[in-house]
Amino acid sequence: MELPRQVVYVLQKIRDSAGQAFLVGGAVRDMLLARDTLDYDIASSLLPDAIEALFKNYKTYGVGKRFGTIGVLIDDLSIEVTTMRSEDKYTDSRHPDNVHYVDDIEKDLSRRDFTINAIAYNPLTSSRLIDPFKGKADLEDGIIKTVGDAGSRFKEDPLRMLRALRFASQLGFKLHSSTYNAIVDYHSLLNMISRERIRDELTKLLTCQRPDLGLLLAQGTGISDMILPLSNRLVLTPVNLETIRLIGPTLALRLSALVYYSYADKRDDTANMLKDLRYEKALISQVSKLVGGYSTLIEAGANPYNMRRLMGNLGRDNTALLLSWFMHESHANSSKDMQSKYNHLNKLMTKIIRDNDPVDFKDLAISGSDVLALGIGIEKPELVGKALEAAYDLVLHKPHLNNKRSLTEMMKQYK
């Protein structure tokens, strides 16, 4: 395994100072899988203060100094160096109550979540790869398995259960039976975890290559009940899961599909579901529009009027996302009727864009002041909005009438 020169430099410098140092965690896992990695974590026997002093000529930052971690920036590559440690219980289900520094890499690895993340590597030592929990074999077998007793690992930090599903999605792996069964037994402990942390793991799961794998596991283990406030356990069909996979790693679209397929009778409550997970307002607004828009796309006829109104409600980009979603669902269920409808809808949108048809309310050739100038709405102001809505509906049907003369003539009925 070839390491960046900056990582080798840090390993060598710590060894030259009579310390032990090993690359650990995701970087080792990804390199053994021949996957790209951006995060480099080093476990060292030196204490945090010693690491800061050793790399005083470089930028360092105490990203988690109270837990033994010092960040070192070398030629634009950030490397986190953490003192080897053992841990006490996790009262807050996130951080250990106490940390005890050790100089034994195997003890440090024993506190980690999964065997595939409990491998250490140093090309400068004779042993090179240290793998006390047979994580390399689990990588080769495509298995997610906890280090030690699964129940104990999940009780320490229940979020590890969601991480197991996320790794299964990212790597295309299966859960070991002991890990799967422990999630079934302990998934309710996720109620102790902040919604922000659950949101972050869900986001990572939804934006990886195979979210369908993690979502299927979420259904089977009951974790789905903890992610979204469902009255009944999430049931996604094979077509639903395949569609979510096919539409690609766009968070807004995959989140929309998840809500749409999961909440046939509660789609109007999309915003509250996502607020519960502390998603940002802009994303909540977009997903709410996409979920409602997809219902319209499925139910409405494929004609120019409906397409113009949809584009006006959602905007061109979101409408394109919906058509992409619709196309992938048609492929997922091998529906020739859906594929035919998609082709027609796509042609409609292309023509509307090419002809520069009015689709937005703001595209109207007449304004509220124009309506008032005609004497409409002076005594009854609500007539202004009704008149403009009627004009908007008219030009969605007949774009060529979007001119002041035609719309003014139409307005006469409101006098």
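Student: Helix α8 (residues 177–186) packs against helix α10 (residues 211–221) with the axes 9 Å apart and at an angle of about 55 degrees. Why is α8 called oblique to α10?

Tutor: The model is a predicted one, in which local features need pLDDT of at least 70 and side-chain atom pairs count only at pLDDT 80 or more, while totals for chains, interfaces and linings use all residues. Residues are numbered from 1 along each chain as its sequence is written, and side-chain values use heavy atoms, with hydrogens and water left out. Helices (H or I, at least four residues) and strands (E, at least two) are DSSP runs numbered from the N terminus, and their axes are lines fitted to C-alpha atoms, for helices over the stretch in contact, with angles running from 0 to 180 degrees between N-to-C directions. Angles under 35 degrees count as roughly parallel, over 145 as roughly antiparallel, 65 to 115 as roughly perpendicular and the rest as oblique. The angle of about 55 degrees therefore makes α8 oblique to α10.

Student: Which residues make the contact, and what classes do they fall into?

Tutor: With contact meaning heavy atoms within 4.5 Å, Y180, I183 and V184 of α8 meet L217, G220 and T221 of α10. Ala, Val, Leu, Ile, Met, Phe, Trp, Tyr, Cys and Pro count as nonpolar, Asp, Glu, Lys and Arg as charged, and the others, Gly among them, as polar, and on that scheme the contact has four nonpolar, two polar and no charged residues.

Student: What makes A34 count as exposed?

Tutor: Buried means under 20% relative accessible area, exposed over 50%, and partly exposed in between (1.4 Å probe, protein chains only), so A34, at 71%, counts as exposed. A34 lies in the loop between α2 (26–32) and β2 (40–44) and has a positive phi of about 60 degrees although it is not a glycine.

Student: Why is K134 called exposed?

Tutor: K134 has 61% relative accessibility and therefore counts as exposed. K134 sits in the loop between β9 (129–130) and α5 (135–141), and has a positive phi of about 60 degrees without being a glycine.

Student: What makes a space a cavity, and which residues line the largest cavity?

Tutor: On a 1 Å grid over the protein atoms alone, a cavity is a set of points where a 1.4 Å probe fits but cannot get out, and lining residues have an atom within 4 Å of a point. The largest cavity is lined by T296, L297, A300, G301, N306, M307, L310 and L345, and α16 gives the largest share, three residues. By class, this lining has five nonpolar, three polar and no charged residues.

Conventions: On a 1 Å grid over the protein atoms alone, a cavity is a set of points where a 1.4 Å probe fits but cannot get out, and a pocket is an open set with protein on both sides within 12 Å along at least five of seven lines; lining residues have an atom within 4 Å of a point.
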